[in-house]
Amino acid sequence: MAFITFRTSIAALVVAGAATTGLAALPAVAAASGATSASAMGTASGSCSKGGPYINFTAHYHNSSRYHVFTKFSWTIGGSGVRNKNNVEFRVKHDNRLGHDPIYWTWKSPDNIRKGYSEVNSGTQNGGNPVPRSGIRVPKNKAAYVEFKAVFDKRGTDPRCAGHTRNV
């Protein structure tokens, strides 16, 4: 209840401030009440490395009233000696806390991911299935995360690493 009172007090101060400066009060109230939008965009990231090569991975999502909705996945591959036939694989999961984590969606690249920045979204045709237009939906009562793996293209043996994002 204190949170509602606090927000109401801030809105009242904004309206009072607008009235004393000659500004219209209605936009100030709308801005104050829209500050806690349920559909705000968010990101969850992770990284891993193996002997110099690395991947920095980011999952882009928003929360609807019932779901965590993942809409884009991006990563950067770097490090000395990394060439342009890397492999990336990732899975959207939820943290079951009792053992096996259920998989909601998987993406596997072909053997052609270049060093640098790449992304997968609803328009991506490279490799595995593109992100559905409606996004990958995980119920909000589940702690969702993305597990990722990379195989780095280097001379000799290709190093590998795996990681995951934080739970959302």
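Seven of the eight residues of strand β4 (residues 87–94) are buried, so this strand is largely enclosed by the rest of the structure. Buried denotes under 20% relative accessible area, exposed over 50%, and partly exposed the range in between, with a 1.4 Å probe and protein chains only. The model is predicted: local features need pLDDT of at least 70, side-chain atom pairs count only at pLDDT 80 or more, and totals for chains, interfaces and linings use all residues. Residues are numbered from 1 along each chain as its sequence is written, and side-chain values use heavy atoms, with hydrogens and water left out.

Strands (E, at least two residues) and helices (H or I, at least four) are DSSP runs, numbered from the N terminus. Two strands count as paired if DSSP finds at least two bridges between them.

| Partner of β4 | Sense | Bridges | Residues facing each other |
|---|---|---|---|
| β8 (residues 144–151) | antiparallel | eight | Val 92 and Val 146 |
| β5 (residues 103–108) | antiparallel | five | Glu 89 and Lys 108 |

A search of the whole structure finds one disulfide, defined as a pair of cysteine sulfur atoms within 2.5 Å. The bond joins Cys 48 to Cys 161, with an S to S distance of 2.0 Å. Cys 48 lies in strand β1 (residues 41–49) and Cys 161 in strand β9 (residues 160–164), so the pair ties together parts that are 113 residues apart in sequence. The torsion about the S-S bond of Cys 48 and Cys 161 is about 60 degrees, and the disulfide is therefore right-handed. Cys 48 counts as buried at 10% relative accessibility; Cys 161 is buried, with a relative accessible area of 10%.
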